[in-house]
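Reader: I have a new structure to look at. Can you walk me through it?
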Amino acid sequence: MERDTQRLNLTREVGIIGAVSFIAGVSIGSGIFISPQFVMSASGSPGATFVIWTCCGLITMLAGLCYAELGTVIPESGGEFIYILQTVGKVVAFMFVISFVIVMKPAAGTGIALNFAECILAPFYSGCSPPQLVLKLVAAGAIIVLTIVNCLSVRLATTIQMVTLVVKVLALTVITLGGVVKLFQGHTENFDNAFEGTNTDVSSIGIAFYQGLWSYSGWNTELSNRGAETSRGLWSYDGWNTLNYLTEELKHPEVNLPRAVVIAISLVTGLYLLVNVSYLTVMTPKELMSSSAVAVTWGNKVLGSWGWIMSVAAALSAFGSLNGTFFSGGRVCFVAAREGHMPDILAMAHVHRLTPSPALIFTTVVSLLVLIPGDFQSIVNFFSFTAWFFYGITLSGLLYLKIKKPELPRPYKVPIILPILVIIVAIFLVLAPIIDDPQIEYLYVTLFILSGAIVYVPFIHYKLCPGLLTKLTVFLQLFLEVAPAEKNL
């Protein structure tokens with residue numbers, strides 16, 4: 001049958017505006033609207049808080065620029081998976097994709113979806129928490145709707161990303177302008193002796209960085225102990241590398257990839273600094289640290305009866321972040337399957353819409369399974385350090401390419417000192433939560449990751465796949481109207 005053997009290409013639909021929207025749209029989740037107080041609590045003073053926010057933006061920028069070089073040297077979608085595959089090897093790449101596709105990305109998506117559900121349901125359950133069943137049903141509905149959107153059209157998903165980013169920027173601009181007005185009215189008392197009370201111990205500084213980095217991600221959740229707060233920060237700090245998951249769908253990646261990184265991260269960092277100035281202009285540090293939803297508290301103080309707008313903005317922010325998370329997560333699954341590391345059906349695209357619908361559906365199913373028990377917080381707590389573990393390995397691959405293969409064409413490159421600095425940061429972020437709060441669960445997670453090497457040998461290297469899988473692939477290929485897709489280089 002001709003459709004079965006037809007080779008497809010994903011189309012380059014994402015331009016510079018869409019590229020900026022994906023990076024900034026995933027980075028600006030509901031965190032900046034709900035929980036920036038954690039940075040304040042850990043740093044101890046307004047002045048130290050601004051230093052932490054600035055340094056987090058700088059770390060993000062350096063890491064993003066290093067990934068931009070990787071994305072132009074290896075112009076394929078898949079992010080860390082494809083970079084590790086081509087520099088470190090197949091086994092480590094498989095270990096990454098198992099952790100990413102089965103655990104890390106679904107747990108992150110679940111967290112964002114629950115945040116969206118909480119914001120949407122808040123007006124209907126004022127003064128109390130929504131029932132868990134209702135919360136999960138709304139979260140599942142959001143996941144399913146965005147899966148359908150992403151399966152239907154890359155352009156439609158990109159449009160949603162751009163629209164929600166505009167809403168986020170407008171909301172944060174309103175907060176910024178409200179703070180400016182208060183400053184001109186003379187409300188500067190919270191900035192007197194700005195560094196008084198700063199926590200200078202290494203543990204507090206580390207936790208403050210985790211919280212700052214965490215707010216560059218798309219979601220947040222309430223965790224109980226200090227170790228959980230620590231791991232939360234680095235686990236889902238993933239907005240800056242979103243474009244590397246969809247490089248093959250980016251127009252002129254050699255130009256737009258580094259340009260989008262600079263524009264988006266500068267925008268996010270600038271907005272975060274200005275918004276925190278506004279928060280501390282309107283609220284005292286004590287009020288800021290005790291608020292469960294900072295933007296809502298700010299809105300009630302400044303906007304009065306219109307304070308509910310901030311809840312809507314937080315919901316739309318989470319919705320856009322969820323959209324970007326599924327868009328990028330599906331591409332990793334798709335590329336891994338194309339390289340033979342997952343079932344063939346996941347490497348196929350719809351014959352008309354040219355979207356990787358099987359990979360998107362698979363990612364959705366896993367996310368919904370994670371949502372059912374609702375224990376994703378425990379997953380996040382103990383899998384969080386793996387994100388920066390694999391970032392460090394990926395950037396080690398960049399060093400390898402710079403030293404061993406300098407002849408490779410590099411439309412964009414960074415000084416070798418940048419990946420070295422980010423690798424040092426990655427090592428710190430991997431070891432710190434384990435040292436700060438050592439628990440046996442970290443050993444279990446490490447064993448889970450290493451077990452990927454055991455699974456790789458029989459099922460990937462020797463391809464011990466049952467005949468049933470082949471029959472299922474053919475059935476799904478016909479049912480979903482998909483065909484194998486080639487690299488779009």
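Author: Start with a term: a salt bridge is a side-chain nitrogen of Lys or Arg within 4 Å of a carboxyl oxygen of Asp or Glu. This is a predicted model, where local features need pLDDT of at least 70, side-chain atom pairs count only at pLDDT 80 or more, and totals for chains, interfaces and linings use all residues. Residues are numbered from 1 along each chain as its sequence is written, and side-chain values use heavy atoms, with hydrogens and water left out.

Reader: OK, how many salt bridges does the structure hold?
Author: The structure holds six. In one of them, R410 pairs with E69, with the closest N and O atoms 3.1 Å apart.

Reader: Where do R410 and E69 lie?
Author: R410 is in the loop between α17 (376–404) and α18 (417–436), while E69 is in helix α5 (residues 46–73), so the pair ties together parts that are 341 residues apart in sequence. Helices here are DSSP runs of H or I with at least four residues, strands are runs of E with at least two, and both are numbered from the N terminus.

Reader: Are R410 and E69 buried or exposed?
Author: Both R410 and E69 are buried. Buried means under 20% relative accessible area, exposed over 50%, and partly exposed in between, with a 1.4 Å probe and protein chains only.

Reader: What about E249, what does its side chain meet?
Author: The side chain of E249 meets that of R331 in a salt bridge, 2.8 Å from N to O. E249 lies in the loop between α11 (226–235) and α12 (253–282) and R331 in helix α15 (residues 308–338), so this pair ties together parts 82 residues apart in sequence. E249 counts as buried because its relative accessibility is 0%, and R331 counts as buried at 0% too.

Reader: And E287, which residue is its partner?
Author: E287 forms a salt bridge with K301, the closest N and O atoms being 3.5 Å apart. E287 is in helix α13 (residues 285–290) and K301 in helix α14 (residues 294–302), 14 residues apart. E287 is partly exposed, at 31% relative accessible area, and K301 is partly exposed, at 43%.

Reader: Which residues do shared partners join into one network?
Author: E69, K402 and R410, through salt bridges that share partners.

Reader: Change of topic. What does the secondary structure come to?
Author: The protein chain has 20 helices and three strands.

Reader: And how much of the chain do buried residues make up?
Author: They make up 57% of the 489 residues in the protein chain.
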